[in-house]
Amino acid sequence: MRPRDAPESGPEISPRPPEHEQLHRLFRDQELRCGNVEEWSRPHLARLAALQPGSFARLDGRLVGAALQDGPELLLAVAGNKPPERTAVATELLSTHSAALECWIATRNPDLAAALSSHGWLPSTVDLQMRLGLPPHRRPLPSGIDFVDLTGPDDAALLIGAHELANAAWGVDGSADDFLDRFVRPASYDPALWVLAYERGIPCGAAIGHLLQLPDALVGKVASLAVAPRARGRGLGAAMLAELCHRFASRGLPLAQLGVHEDNRSGAPAMYRHLGWEQVSSRTRWQSTRV
């Protein structure tokens, strides 16, 4: 914490939150460089600033930096055009959040990267944000596979099937409650934007989408794409993705967007590029070495 009588040449670090509009403007540049990801949306930032302890840097009364903690994740943004000054501000903000475990920043952001490195953080996962102009070309379903719609009476069983499929496709053992929290309980849940594929009565693929208002556009967000190991190599993922994007287009949307890890073991980034998706940004998750 910088004392009140600190020289005006350096920023003052305090927990006093700024106005919501100031905070949103500060994060907007970071948000756009990360490909308009929803974590830095205006409502999310306002909620964090109101409910969670934050640190804010001001220079001559102007907001030049902010660090907001969302559980174990730190949201970090710094203004200014001079990298040394940005690094210094970020370094001071990080010193007030030693409990944070991870932080996403635009991959090509050397000043924030330098500050994270100096505090013992290490770069980890690289997430690519990709976009596709709509509508795409439709693709035929593999033989013997059909789409099943969420219609109401059977939704519970279909959702359980989608959860079990996701666990098998991703090689995890996630709980059904976590799956519902992530994909069903949010206000963005839209059953018409779930593309479920079945083969002989058994789920073999699922593409989950929702509408997402980003600063530059309303887009169709591909929240999840999962194909059962037994159904891979037959073009099912591409067919489900095309169907979901056609449903986005039927809502009048011009764009679809998704995020994918650069080192995805299934080779998904290469598949998306082959299908016409273009990378719009890259962000890197940094992990704290304090455990």
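Author: Happy to. Let's start with surface: accessible areas come from the Shrake-Rupley method with a 1.4 Å probe. Bear in mind that this is a predicted model. Here the protein chain exposes about 14400 Å², and carbon and sulfur atoms supply 52% of that area.

Reader: How many helices and strands are there in the protein chain?

Author: You'll find eight helices and 12 strands. Along the principal axes, the C-alpha atoms fill a box of roughly 75 × 35 × 30 Å.

Reader: What share of the residues counts as buried?

Author: Buried means under 20% relative accessible area. By that cut-off, 50% of the 291 residues are buried.

Reader: Which residues of helix α2 are buried?

Author: First, the general idea: an α-helix has 3.6 residues a turn, so residues three or four places apart point the same way. In helix α2, which covers residues 42-51, the buried ones are His44, Leu45, Ala46, Leu48 and Ala49.

Reader: And what do the buried residues of α2 pack against?

Author: Their partners are α1 (20-33), β3 (62-70) and β4 (73-78).

Reader: Why does Asp181 count as partly exposed?

Author: Partly exposed is the range between buried, under 20%, and exposed, over 50%. Asp181 has 42% relative accessibility, so it counts as partly exposed. You can find Asp181 in helix α6, residues 176-183.

Reader: Which side chain does Asp181 join in a polar contact?

Author: That of Arg185, with a polar contact of 2.7 Å between the two side chains.

Key. Residues are numbered from 1 along each chain as its sequence is written. This is a predicted model: local features need pLDDT of at least 70, side-chain atom pairs count only at pLDDT 80 or more; totals for chains, interfaces and linings use all residues. Side-chain values use heavy atoms; hydrogens and water are left out. Helices (H or I, at least four residues) and strands (E, at least two) are DSSP runs, numbered from the N terminus. Buried means under 20% relative accessible area, exposed over 50%, partly exposed in between (1.4 Å probe, protein chains only). Contact means heavy atoms within 4.5 Å. A polar contact is a pair of N or O atoms within 3.5 Å; within protein, one must be able to donate a hydrogen and the other to accept it, and residues adjacent in sequence count only if both atoms are side-chain atoms.
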